[in-house]
Amino acid sequence: DFVIQGGGYYPNGTEKISPYGPIDLELHPQVHHLDGTIGMARTSNPNTATSQFFIDDGAQRSLEPGGVDPLGYAAFGRVVKGIKVIRAIAQVETMTKFGVMKDWPVDDIIIETITIVAS
C-alpha cells in the first residue's frame with residue numbers, strides 16, 4: 001500500500017553505482033503520484049537520485065511537494081500495462097537482508113524486460 005522500490009542494488013547486496021552521478025530533482029506541477037507512477041528514489045538531499053526508482057502502489061500524494069518532504073519526489077513515468085505485476089510484487093514476502101536492508105524480497109525479483117512508450 002505504498003511503493004515498490006528497486007534499481008539500486010544487485011541481488012547480492014552490492015550497490016549499483018551510477019556512471020552519470022546524481023540527478024537533480026525535477027518536478028512538474030501537472031505530474032502527480034497516481035497509482036503506477038514511476039519516480040526517482042533519493043536521500044533526504046533532493047539532488048541525489050541515481051539508479052533507484054520506485055513505483056507507486058496506489059496513489060501516493062504524500063510524495064508530492066509539501067507531503068512527507070517539502071520538495072517532493074520526482075515522477076517520470078507511469079505503468080500503463082502490467083499493473084497486475086506491480087500488485088504481485090507488492091505482495092511478496094520480504095525480510096531484512098545483509099543486516100540493514102529492510103523489506104528485501106525473500107526471493108529476488110528481477111525486471112528482465114520493459115517497454116518505454118513516449119507520449
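Author: A salt bridge here is a side-chain nitrogen of Lys or Arg within 4 Å of a carboxyl oxygen of Asp or Glu. The model is a predicted one, and it holds 5 salt bridges.

One of these salt bridges is formed by Arg42 and Asp69, whose closest N and O atoms are 3.2 Å apart. This pair links distant parts of the chain, since Arg42 belongs to the loop between β2 and β3 while Asp69 belongs to the loop between β3 and β4, 27 residues apart. Arg42 and Asp69 are both buried.

Another salt bridge brings together the side chains of Arg87 and Asp57, at 2.9 Å from N to O. Here too distant parts of the chain are linked, with Arg87 in helix α1 and Asp57 in the loop between β3 and β4, 30 residues apart.

Glu64 is buried because its relative accessibility is 10%, while Arg61, at 49%, counts as partly exposed. Beyond the separate pairs, salt bridges that share partners join Asp35, Asp57 and Arg87 into one network.

The pockets complete the surroundings. The largest pocket contains about 2,000 Å³ of space, and its lining consists of 47 residues, with Gln5, Gly6, Phe53, Ile55 and Ile111 nearest its centre. Helix α1 (83–90) is among the elements that each supply at least two residues of this lining, as are β2 (37–40), β3 (53–56) and β4 (75–78), although the largest share, 5 residues, comes from β6. By class, the lining of the largest pocket has 28 nonpolar, 10 polar and 9 charged residues.

The second largest pocket has a volume of about 200 Å³; of the 13 residues that line this pocket, Glu15, Thr43, Thr48, Thr50 and Gln52 are the closest to its centre. The lining of the second largest pocket divides into 2 nonpolar, 8 polar and 3 charged residues.

How values were computed: Residues numbered from 1 in each chain as written. Predicted model: local features only at pLDDT ≥ 70, side-chain atom pairs only at ≥ 80, totals over all residues. Heavy atoms only, no water. 1 Å grid on protein atoms, 1.4 Å probe; cavity = no way out; pocket = protein on both sides within 12 Å on 5 of 7 lines; lining within 4 Å. Points joined across faces, edges and corners; volume = space filled by probe spheres on them. Helix = DSSP H or I, 4+ residues; strand = E, 2+ residues; numbered from the N terminus. Nonpolar A, V, L, I, M, F, W, Y, C, P; charged D, E, K, R; others polar. Buried < 20%, exposed > 50% of the residue type's maximum accessible area, 1.4 Å probe, protein only.
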